[in-house]
Amino acid sequence: MIRRCPSPLGARQLAAVSLRAVTGILLLLLSGFGPGLLETPCLAAPPSATARDALGLPLALPAGLPHGLPFGLPIGLRPETAASPHALKPGNAKSAAMKTLHDPRVPFCHREATVIDEDMHAWCDVTLERNPSRRVSSPDVLPCPAWKAICARPPGKATKLLHHQEEQEVSESFAFPSHPAVAWILRFLLVALVLALIVVLLRLGRVSSERASNPDLPGQGEPMADRLAQERLQQVETDVQRLLARAAAAAAAGHFSSACNDAYAALLRRLEGLGLWQVEPHLTNGDMLRAVTRPKPALEPELKALVRDIEIVQFSQEPASRERFESVWERVQHLLRQGLVLWLMSFPALFLLGSCSCQPGGDADQWNESPSGHADWVPFLNEYGFDARERVAPLHRLAEKPDQKKGGHTAGAPHDGKKGHHGTKTDKVAAEPDALILLPTARVDETEWKAIEHWLLRAPHLLVVAGPSRERVPWKQLEGLDVAQEGVGPGDAEGVVAGVKHVIRLPHTRTLQGTSGSVALAFFPRQGVYGRRITLPLAEAAEKDSDVDVRAEHDGTEHGSEQAEGHHGDEDDDDDEPPAPVRTSEVLVLADDDLFANASLMFPDNARAATEILRQWGPRVELVTDVASLVADSPAQAVQRSGFGPAFLQLALLLLLAFIARGAIFGTPRDLPEPSRRAFVEHVRAIGALYQRAGHARRAMQVFASFVVERLRARHGMAGGRSLSSLAEAVAARTGQPLGHVMGLLVEARGAGTAPAAEEGSSSEDKEALARLRELASLLQEKGDTIERR
Amino acid sequence: MNAVEFQSLFERVRAEIARAIVGQTDLVEHVLLAAFSRGHVLIEGPPGLGKTLLVRVLGQVLGCDSRRIQFTPDLMPSDVTGGNVFQQQRGVFEFQKGPVFTQLLLADEINRAPAKTQSALLEAMQEQSVTIDGQTRALPTPFLVLATQNPIESQGTYPLPEAQLDRFLFKIEVAAPGREVERAILANHLAGFDPSSLDRMGLVKVLDHQSLHAWQHWTRTVTVDPSVLDYITNIVAATREHGSVFFGASPRGSLALLFTAQTRAASQGRTFVIPDDVKVLAPAVLRHRIGLEPDAEIEGLRPDDVIAAILRDVRVPATVAV
């Protein structure tokens, strides 16, 4: 527990503090904690600056502290009568802690193989003989069978999630420049970049489409896909194991041929999974051998021998023997185990493992069950009698009033005393908690802090558990909740004394900070514990002030609002109406999380301290961890919380660009284009070009002329005839061309066909020949017969 | 006789040939496979690649007689097979054997001779005998013909008809050697190699023609699994069913593929044929046995392309692919 050393108090505050102190003492005496409290240094005269405590640990006084004035009520002094009407009945914290630790699922209590890091080893010092001067008397420590063995082992690798998270935050944090000009410039650059990208993509798309339509240009090869998806790797491994199992089963049944084939198939599957080989129906063992040994020549001898064995089994018509199978099996296993194959597998395997370890919750789950984690507190609180759970709803829902939902219950509402209230089917509209415990792993953004602020106005309670370093205390957000720092804040060294490791040392003059690790509340409540509290009354309260007074009583009566400062003010106060009873919220800040660490449950006093804090607030307690920050109400929120917003935006932008580049056909299912073949006319043209190149244009003329004449004769029913005049008359009559012109064409055509072998002609003669060809072709076309059949 | 012995023999023959023939490993291997499979080889390639030298070297190494016929447009059938010549002194017709009466025959530029002369040789290849004036005379055993064609010239040539091409076991397309091989050839000659006097090289006669004959029979005993038989028939059947093929390979092609696969399996020390043997030899066996559709030819499709496509489509036996 931490107390915040107050700064030099004003007169009013001093009076209030004094009043609380006196009341607290009286209450403590009445509650029977007197003897313990009397021993508490809180009530003793403040030690000097060089004083040391009973364990010889130095005490340093913060500057400017009022001595001898505890500013807060020790928790243990909270009397029943002054408790909230919704307080939970006292239970047996020690018994509940014992039951919780007795669960064999608590690893540090029951699994000797559990490895804890150096930070967690600090708990060992408090409980065991490592440092006798710090040892807590054994009756005060609950038994944990495996704890001694765990502590005997040297600390392992640091796994503290918070440290890791902090390091990540420090290393990955990026403070976006807040200056508007910077943001404007960046926005402009981004837009310009996007536009330029669009232009480039469109241009590239046009070039590629030109290339595709021009067959003379070299085509672009399709890149080979060689990325292995995680799921495919897992499937590959499953197939490999299945085939090996089948091989073993077949061998056991005496079917050695099938067994050999299955074992071989397992190896092929593995090679396929590694991307070295693609199992295709038309590929032979030799193809596989060449494909695999080319990039991996080291595999050649073993693989070659295996293939030889397999081919004997498959094609030699000899029955497969046990010896043959064993040879195959051994070679397959060796190849599967071979370092090269494993090395080849290691990259995708590492990727798999790395992705697994990157998944949220992996390391966190392990850490949460460690001595420094918090996982055991929910069952402990439930065992005690609370209705505790880990919050899974988003924190921003706290801003919603439960009466807006069907059957919702507000904080502080009468509790039916049944456990598991939160776990009923009406969970969606279940009661809001009476108290929230913000553990260090909870990630609370600004919106959620606002929601908490609104929620606190309904008079529930908040326990903020900071991390081991002072920076984890959300000072900025707590300012919004009017938590007075009173001289203690981030970077403020005054009033802060380095905590004595592993010892609760909570004299009223000291403030502990958890910079170096754990602080075990091993000596509570002899030294007492108290924390900083603030009170947030409802809307009727006074105006908000940075300096918040501390409530002196818990009797639910109206707070001395006219006396206290720092209450939330309501400018719309109606002075004519009598003020409603003030229900107050409490915010308690702990500078480190050791009270709520799992190992803390080994000390019954710690358990008592925590339950006493929470009991007064009500039975419904929710522990807020990183889980709450993972939950989202909507897909958009899930994206926002996951941090994948930029990635999704980029993907959407990429799709948009692709759509723009490819047009409406992008994403539209299409049939594969039919393989194009050149039209026959193109071949004809090519042949004609060859003729021309060879200087045999007249030969082409001859051939075509003969063709035209024969076609015309056939069309006019003069096949086999030799007379051109009748043909010319018929053609002239059909085409409307002058008879003389048609006759001339036909005569030239026949003459060309009967001429001797064409000699190489000049270009002008070629042109003439081409002209004649066109005219002859026109005779056919005008007949309705097209030369080019499409 | 066993596969290991045959493999050793095969390697020795190959190594001995390599002393005189630099490069052309595919050609040498196919010729040897044909020799042990009792088949004939058609080699298509530009002149100057050492085809004649190959036959001579082969003859020395295999202990076989070898002869060469240069086919020309005026070559007569009797110039190939021989004929009866009237001996005036004795007053009888005496049969003069033609160059075909040999064990290794190089028929150089076979497409330059008219069809009649080609037929005479092709008949000898098929029947292992020649019939002259009604009398059939057997040719020596083994009898291997290596015929060559020059792909460059098309004027004044008489392309072998497709039906006749079927008689060749292999058609091997030989390309000009690479730079390293050509350099090695030059270095060989500088070192004193004289292709006209192979005796001075000291080429070892690895086996004789009787052994060759015996091994030819032995290779036919190599085991062929029914699945491999199916593979062969599927491939050959696919050549008849392919859309770009005008006519496909005949059963003679299937037999050629079978026999050569057996020989190849034995040359690798195996007593059984595997699909790789078939797949590797299929192009050489089938490329001259299929004719393409005219439009496929115009489009530039080659028989090798069709065979490659067929090999991609036909399922290999005992594959794990589903």
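Start by selecting A:Leu727, which is buried with a relative accessible area of 0%. Keep in mind as you look around that this is a predicted model. A:Leu727 sits in helix H25 of chain A, which covers residues 724-735. Now show its surroundings: leaving aside residues up to four places away in sequence, A:Leu727 touches A:Val709, A:Leu712, A:Arg713, A:His716, A:Met718 and A:Leu746. Pick A:Leu712 from that group and draw a line between the C-alpha atoms: A:Leu712 and A:Leu727 are 7.6 Å apart in space and 15 residues apart in sequence.

Next, go to helix H24 of chain A, residues 697-715, and select A:Phe704 and A:Phe707. These two are 3 residues apart, so about one helical turn separates them. How does their surroundings differ? A:Phe704 counts as buried, at 18% relative accessibility, while A:Phe707 is partly exposed, at 40%.

Stay with rings for a while. Over all chains there are 16 aromatic pairs. One to select is A:Trp377 with A:Phe596, a tilted pair with 4.8 Å from centre to centre and 50° between the planes. This pair ties together distant parts of the chain, 219 residues apart: A:Trp377 belongs to helix H16 (residues 377-384), and A:Phe596 to the loop between strand S7 (585-590) and helix H19 (604-615). Are these two residues buried or exposed? Both A:Trp377 and A:Phe596 are buried.

A:Ile185 lies in helix H8, residues 180-213 of chain A, and is partly exposed, with a relative accessible area of 45%.

Now switch to chain B. Its secondary structure comes to 13 helices and 11 strands, and 51% of its 322 residues count as buried. Select B:Phe6, B:Phe10, B:Phe36, B:Trp215 and B:Trp218 together, and you have a cluster linked by ring pairs. Two arginines are worth a look as well: B:Arg137 lies over the face of B:Phe95, 3.8 Å from the ring centre, and B:Arg220 lies over the face of B:Phe259, 3.5 Å from the ring centre.

The last part of the tour is about charges. Side chains of opposite charge can pair when their charged atoms come close. How many salt bridges are there over all chains? The count is 28. In chain B, select B:Arg289 and B:Asp166, whose side chains meet at 2.7 Å, N to O. They join distant parts of the chain, 123 residues apart, with B:Arg289 in the loop between helix H11 (275-286) and strand S11 (291-292) and B:Asp166 in the loop between helix H6 (162-165) and strand S9 (170-173). B:Arg289 and B:Asp166 are both buried.

Then return to chain A and select A:Asp239, A:Arg242, A:Arg269 and A:Glu272, which salt bridges with shared partners join into one network. Finish at A:Arg105 and A:Asp103, another salt bridge, at 3.0 Å from N to O. Here A:Arg105 is exposed, at 64% relative accessible area, and A:Asp103 is partly exposed, at 23%.

Technical notes: Residues are numbered from 1 along each chain as its sequence is written. Chains are lettered from A and ligands numbered from 1 in the order in which they are written. This is a predicted model: local features need pLDDT of at least 70, side-chain atom pairs count only at pLDDT 80 or more; totals for chains, interfaces and linings use all residues. Side-chain values use heavy atoms; hydrogens and water are left out. Helices (H or I, at least four residues) and strands (E, at least two) are DSSP runs, numbered from the N terminus. Buried means under 20% relative accessible area, exposed over 50%, partly exposed in between (1.4 Å probe, protein chains only). Rings of Phe, Tyr and Trp (its six-membered ring) pair if their centres lie within 6.5 Å; planes under 30 degrees apart count as stacked, over 60 as edge-to-face and the rest as tilted. A charge sits over a ring if NZ of Lys or CZ of Arg is within 6 Å of the ring centre and within 35 degrees of the ring normal. Contact means heavy atoms within 4.5 Å. A salt bridge is a side-chain nitrogen of Lys or Arg within 4 Å of a carboxyl oxygen of Asp or Glu.
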